[in-house]
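Subject: Structure handover

Hi,

As promised, here is the structure for you to open up.

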Amino acid sequence: MEGERSVELLADLDRPGAWMLLVGGTPQSHVDLDDPEHLEFEYMRRLGHVADLAGPAGQPLRVLHLGGGGLTLARYVAATRPGSSQLAVENDAEVAELVRRRLPLDQPGRSRTRAGRIRVRVADARAALETVAASSFDLVVADVFVGAATPAHLTSVEFVTAAQRALRPDGAFAANIGDGPPLEHARGRVAAVQSVFSHCWLIAESAILRGRRFGNLVVVGAGRELPAAELTRRAAADAFPARVLEGEQLDRFVAGSRPTTDASAAPSPAPPPDVFADRRQPGRSAE
């Protein structure tokens, strides 16, 4: 533990078998052990859409998750794409151990062989990324927060370039970005992805894109066209509808911002104190 930092699980009383993982009071993951296809957080559903469209439906993928948390997306991929091979990198040993003990991957009545293999490595995300074999993954997902901020060294062109190296030629990269007005951090990170990949998309709610409030944006980069029309349809149909920006719309969002580099990188902005207030409702109990 560092200072007042704590790692805890909150039971979701509305969904038996579901848990919220919090680190230092910040929600990190929501896991439904009985229904791994349920994605509670809005940004996680958007990452799920990307995973759904990263290859032919139902076919196994090789996925690298940078930021393990409760392994929510890894469980989703295992359920929707049986036989997938996945590696999750978690920098917090305490989180990894709690998830291993309390949120086990092997559930009664489920075939591990059918679900595929999920390995967990405790390491710094970028250090692990830079050691994986080139062209070895179909999808790389970056969802790393220390407390409520993404470390600076995971926001740069150099980091995105390392992710591209790890991907097969037709693979895709996706990153969860936390930011608020005036969205300078997000613009620099999107520009970084644009500078590395020939195709780029940004998924977020309109209020966030317009700089009206703090929230999550998902940036996607690939060396090929993804089915953007289907991604747009799925994002618009979510409980909290989102827009998908690409092409000229995305260029206008970036508005000439310079790509974030290792030399200019800074951690993502801290969210306002009330951002996570609705995540600790009376319907959830601590354990």
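This is a predicted model: local features need pLDDT of at least 70, side-chain atom pairs count only at pLDDT 80 or more; totals for chains, interfaces and linings use all residues.

Before the notes, one term: a residue is called buried if its relative accessible area is under 20%, exposed if it is over 50%, and partly exposed in between (1.4 Å probe, protein chains only). Also, helices (H or I, at least four residues) and strands (E, at least two) are DSSP runs, numbered from the N terminus.

Residues are numbered from 1 along each chain as its sequence is written, and side-chain values use heavy atoms, with hydrogens and water left out.

Let's start with helix α6. Its buried residues are Val157, Phe159, Val160, Ala162, Ala163 and Ala166. What do they pack against? The buried residues of α6 pack against β4, α5 (125-129), β7, β8 and α7; contact here means heavy atoms within 4.5 Å.

Now the sheet. Strands of a sheet pair through backbone hydrogen bonds, either parallel or antiparallel. Two strands count as paired if DSSP finds at least two bridges between them. Here, 8 strands make an open sheet with mixed pairing, in the order β6-β5-β4-β7-β8-β10-β9-β11. The edges are β6 (116-122) and β11 (243-245); each has a single partner strand, so one side of each is left without a neighbour in the sheet. From one strand to the next, the twist averages 15°. For angles, axes are lines fitted to C-alpha atoms (for helices over the stretch in contact), and values run from 0 to 180 degrees between N-to-C directions.

Inside that sheet, β8 and strand β10 (residues 215-222) run antiparallel and are joined by 8 bridges.

A cavity is a set of points, on a 1 Å grid over the protein atoms alone, where a 1.4 Å probe fits but cannot get out; lining residues have an atom within 4 Å of a point. Grid points are joined across faces, edges and corners, and a volume is the space filled by probe spheres set on the points. How many cavities of 30 Å³ or more does the structure hold? There is 1, and the largest cavity has a volume of about 50 Å³. Its lining includes Phe159, Val160, Phe173, Arg189 and Val219. Elements that give two or more residues to this lining are α6 (157-166), β8 (167-179) and α7 (184-196). By type, the lining divides into 9 nonpolar, 1 polar and 1 charged (Ala, Val, Leu, Ile, Met, Phe, Trp, Tyr, Cys and Pro count as nonpolar, Asp, Glu, Lys and Arg as charged, and the others, Gly among them, as polar).

Most residues other than glycine have a negative phi, and most peptide bonds are trans. In this model, a cis peptide bond joins Pro181 and Pro182, with omega about 5°. Pro182 is in the loop between β8 and α7, and Leu183 has its place in that loop too. Leu183 has a positive phi, near 65°. Is Leu183 buried or exposed? Buried, with a relative accessible area of 0%. Ala255 has a positive phi as well, about 55°, but Ala255 is exposed, at 57%. You'll find Ala255 in the loop between α10 (247-254) and β12 (284-286).

Then there is a hairpin. Strand β2 (residues 18-23) pairs with β3 in the antiparallel sense over 6 bridges, and Val23 stands opposite Thr26 in β3. The hairpin has 2 residues between the strands, and Gly24 there takes a positive phi near 60°. In β3, 7 of its 7 residues are buried. Pro27 sits in β3 (residues 26-32).

Finally, Arg46 is in helix α1 (residues 42-53) and is buried, with a relative accessible area of 2%. Beyond its neighbours within four places in sequence, Arg46 is in contact with residues including Glu205, Asn216, Asp238 and Phe240.

Cheers

Terms used:
On a 1 Å grid over the protein atoms alone, a cavity is a set of points where a 1.4 Å probe fits but cannot get out, and a pocket is an open set with protein on both sides within 12 Å along at least five of seven lines; lining residues have an atom within 4 Å of a point.
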